[in-house]
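Please keep the sequence and the model in view while reading.

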Amino acid sequence: MQSISLDNMLINEIQLGTGLNHAVESGRRADFSLMLALLSSELMESTPQDTDQAPVQSEQQLRAYFELPTPQPLTTSEHCYQRSAEQAKAFHEASIVSTRLLQGLQPTALTFPVENTKGLPEDIFHNLSVHERRKLPPEEPHPISASPQNLYASLIHAKRTSELYHAA
């Protein structure tokens, strides 16, 4: 039998290792009873307790705590064109250092998507003549409004509708 120290409190059966299993398998009832008696009878020690989690802080709270500036926007906003013009002016009048300083203080957008090109790439749109541009549809193409959650239901509905029209 393994020696069990009384100096260390046994909280759960995992601390006994395989000794409890071996006592059951070999039929040593006295060892099994002794090991169970050595386990702590305190219910709060053997029952897993959920600790109170620290409240989750939002990104804005963390930015305020660490004194971080606002993140760099991904696409353009109304201020990005003005800021990029100021950075270009600072580059031409001063140096790259002042441009980097302005970028750090007031970040501009990462991308400046083209506007008013009827969904075409900018180089293709500008190569079109005025007559060809006039023939383009007046609005930008809208993305498909089907959501992934309703895709299956939409496909079934379309299949049933198709079957009705082809059967008639």
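## Overall architecture

The protein chain contains nine helices and zero strands, where helices (H or I, at least four residues) and strands (E, at least two) are DSSP runs numbered from the N terminus. Along the sequence, the pattern is accordingly written α-α-α-α-α-α-α-α-α. This is a predicted model, in which local features need pLDDT of at least 70 and side-chain atom pairs count only at pLDDT 80 or more, while totals for chains, interfaces and linings use all residues. Residues are numbered from 1 along each chain as its sequence is written, and side-chain values use heavy atoms, with hydrogens and water left out.

Of the 168 residues in the protein chain, 11% are buried; buried means under 20% relative accessible area, exposed over 50%, and partly exposed in between (1.4 Å probe, protein chains only). The accessible surface of the chain is about 14600 Å², and carbon and sulfur atoms supply 58% of that area. Such areas come from the Shrake-Rupley method with a 1.4 Å probe, and for residues only the protein chains shown count as cover. Among contacts with a separation of 6 or more, 47% join residues 24 or more positions apart, a contact being heavy atoms within 4.5 Å.

## Helix α1

Helix α1 spans residues 19-26, and its buried residues are Gly19, Leu20 and Ala23. Seen down the axis, these residues fall within an arc of 105°, so they line one face of α1; the arc is that of the directions from the helix axis to the C-beta atoms. In general, an α-helix has 3.6 residues a turn, so residues three or four places apart point the same way. The cover over the buried residues of α1 includes α2 (29-38). Just after α1, glycine 27 adopts a positive phi of about 75°.

## Helix α5

Helix α5 comprises 14 residues (80-93) and reaches 20 Å from its first C-alpha to its last, close to the 20 Å expected at 1.5 Å a residue. The expected span is 1.5 Å times one less than the number of residues. In α5 the buried residues are Cys80, Gln87 and Ala90. They cover an arc of only 85° around the axis, which puts them on the same side of α5.

The buried residues of α5 pack against α6 (96-105). On the face turned away from the buried side, α5 carries the exposed residues Gln82, Lys89, His92 and Glu93.

## Between α4 and α5

Glutamate 67 is situated in the loop between α4 (59-65) and α5. This residue has a positive phi of about 55° although it is not a glycine, and its relative accessibility of 71% makes it exposed.

The structure holds two aromatic pairs. In one of them, the rings of tyrosine 65 and phenylalanine 66 have centres 4.9 Å apart and planes at 85°, so the pair is edge-to-face. Rings of Phe, Tyr and Trp (its six-membered ring) pair if their centres lie within 6.5 Å; planes under 30 degrees apart count as stacked, over 60 as edge-to-face and the rest as tilted. Tyrosine 65 and phenylalanine 66 are both exposed.

## The loop between α6 and α7

Alanine 109 belongs to the loop between α6 and α7 and is buried, with a relative accessible area of 6%. The C-alpha atoms of alanine 109 and leucine 74 are separated by 5.3 Å, although the two residues are 35 residues apart along the chain. Not counting residues up to four places away in sequence, alanine 109 touches Gln72, Pro73, Leu74, Thr75, Thr76 and Cys80.

Threonine 117 also lies in the loop between α6 and α7 (122-127), and it is buried at a relative accessible area of 5%. Its side chain reaches the backbone oxygen of leucine 120 at 3.0 Å.

Definitions and conventions. Polar contact = N/O pair within 3.5 Å; in protein donor to acceptor, adjacent residues only side chain to side chain.
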